Amino acid sequence: MPRNVAIVGTGQTKYTTARNEETYEELIHQAARIALEDAELTLKDIDAVVISQAPEALFGIDHPERWVVGAAGAIGKPVMRVHTGGATGGSAAQAGFFHVASGLFDTVLVVGAEKQGDTPDAQLVLNRIMEPRYELPFGLNAISMTSFQAVRHMHKYGTTQEQLALVAVRSRRNALNNPYAHIRANHTVADVMKSRMLCWPLKLLDCPPRSSGSCAIVMASEERAKGMGKPVAWVRGVGATSTTYYMGDKLSGLPFNEHGDWDELALAAQHAYKQAGITKPGDEIHVAEIYAPFTICEVAAKEALGFCEKGQACPLEEKGWWDIDGHLPTNPSGGALASNPIAVTGLARVAEAALQVMGKAGQRQVDGAGTAVATAIGGTLQFHTVMVVSNRL
Amino acid sequence: MAEELVFIPGRWDITYNYAAGKVSSKFFAELRDNKRLMGIKCSRCGRVMMPPRGFCERCFAPAGEWVEVGPEGTIQAFTITVEKFEGNPDPPFAVAYVQLDGADTAMLNYVRGLDFSDLNRAAESLRVGTRVRVVYKEQRAGEVTDFEYELV
């Protein structure tokens, strides 16, 4: 049986386009130090380190875990780099959980950074995730491949561009309460609709910024965590599901095969909910930090997470259901539409969910947030992670 | 005095010669020489995979016989890229995942011959369920861009 695990500290640094005053390793070091201070621990207390690192071409240093061993406090300790594209941070947090839950390590640091401000060609890097025989020549990137999902969702449920815009408006409005967020703005639906089209139906303001920054969490065993005498975030459930590279295989109407619905995320959520004893996610989860770099992603995710019926995420959005004072606030931090430091976007979701149940989320705190869920997605919408955290065991 | 920050220019420029393997090589030869699109059947479940590959992920079984698919099919998803991205063709251009008749999965390619002056109208013309046909290029090099789709 796995041991109980808690998140006992978090550290984030300001997300912005370019962090030119720090090197990549310095960003890692900053987040690691802040998380250790928050946990009231020192490096001596850390038994192992997990490094959250996404495509290295985004900042142009190959095999980058080499560079950051010292910055991450991993000298003399086991280190593991985790990379599942956009899901990297979610997978890294789960790897940290597995370290502690296994009983082999008592206290683990999970840390990562993104520095895509060092290249103007982030979408070229994300084009190079396509294989060369059949798909590389078609100019795909993160935006166009997500447009396929939007097209499917619009076709199946009648979702409109104006409804998607509401997700962007709420996210960046929430970001006004988050000092770490990159884009903090009071946009209107009209602003989103007027922003220039990138890949139909996704417009500039349906898309995330290119962000740099860093994030870390400290995870500890039940024995360690209980001895700390402070609020911690208990990991109540984890789930992960992966799916095929071939997007065209998810577009043919076979069962468990729908690009627009994210059946894989639903499966990952079912695993996590079962561990956490959650049977009515729409009522038992009080706040969600959803990895949604594009507006459509949050819509599809909420439906896959069982927060509402299929096709209902947008109609409920129009009623304020997901607002910070709504029935189930989503992305009170602003989420990935406000800040998208790819290597740690998923880790930031976990950190933000932990802050909510610890009651330490400041201006963005959701009242009565006892249980929170954090998700991440990566690849061509292939890797899905779900983590449930709670203020009690 | 403001502190000066140093920037070091860099560029990754690496040559590859990707071996496409026997299965894909046959697909490309059929496309170039015979203007045929060939899918491949799973040896166990029999689903016809497009584009063809050496195995079925679902059954974890090797691919079996070749089957000709098309020449028409149905759009399952599409997008119209309007923004210029480094390394991409000049916009606007449309691509679609099309389930060719006789195939069980959808394959990506450009959709040609569209009027992009009204984007929403162009998108409407590509909506899921729209029928398209395969058009082969005159000069074929044995690569995936030897064919395109156009509206029926």
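Arg133(A) has a relative accessible area of 21%, so this residue is partly exposed. Its salt-bridge partner is Glu131(A), and the two side chains meet at 3.0 Å, N to O. Glu131(A), at 14% relative accessibility, counts as buried. The cut-off for buried is under 20% relative accessible area, which is why these two residues carry separate labels. Before I go on, please keep in mind that this is a predicted model. The predictor gives the complex an ipTM of 0.96 and a pTM of 0.97. For chain B the average pLDDT is 96, and 99% of the residues score at least 70.

Let me stay with salt bridges for a moment. Over all chains, a search of the whole structure finds 34 of them. One of these joins Arg152(A) to Glu258(A), with 2.7 Å between the closest N and O atoms. What does this pair tie together? Arg152(A) sits in helix 4 of chain A, residues 142-157, while Glu258(A) sits in the loop between strand 8 (233-242) and helix 8 (263-276), so the bridge ties together parts that are 106 residues apart in sequence. Both Arg152(A) and Glu258(A) are buried.

Asp90(B) reaches 59% and is exposed. Back in chain A, Arg170(A), Glu298(A), Lys302(A) and Glu317(A) are joined into one network by salt bridges that share partners.

Of its 10 residues, 10 are buried, so helix 10 is largely enclosed by the rest of the structure. The helix covers residues 295-304, and Thr295(A) lies in it. Thr295(A) has a relative accessible area of 0%, so it is buried. Its side chain makes a polar contact of 2.9 Å with the side chain of Asp206(A). Leaving out residues up to four places away in sequence, Thr295(A) touches Leu164(A), Val167(A), Ala168(A), Leu202(A), Asp206(A) and Leu337(A). Just after the helix, Gly306(A) takes a positive phi of about 80 degrees.

Now to another buried position in chain A. Val8(A) is placed in strand 1, residues 5-12. Its relative accessibility is 0%, so Val8(A) counts as buried. Which residues does Val8(A) touch, not counting residues up to four places away in sequence? They are Asp38(A), Ala39(A), Leu41(A), Val218(A), Ala220(A), Ala225(A), Met228(A), Lys230(A), Val232(A) and Met358(A). As for distance, the C-alpha atoms of Val8(A) and Gly335(A) are separated by 21 Å, and these residues are 327 apart along the chain.

Trp12(B) is found in the segment before helix 1 (21-34) of chain B. With 41% relative accessibility, Trp12(B) counts as partly exposed. Patch members need over 30% relative accessible area, so a partly exposed residue can belong to a patch.

Technical notes:
Residues numbered from 1 in each chain as written. Chains lettered and ligands numbered in written order. Heavy atoms only, no water. Helix = DSSP H or I, 4+ residues; strand = E, 2+ residues; numbered from the N terminus. Buried < 20%, exposed > 50% of the residue type's maximum accessible area, 1.4 Å probe, protein only. pLDDT = per-residue confidence, 0-100. Polar contact = N/O pair within 3.5 Å; in protein donor to acceptor, adjacent residues only side chain to side chain. Contact = heavy atoms within 4.5 Å. Salt bridge = Lys/Arg side-chain N within 4 Å of Asp/Glu carboxyl O.
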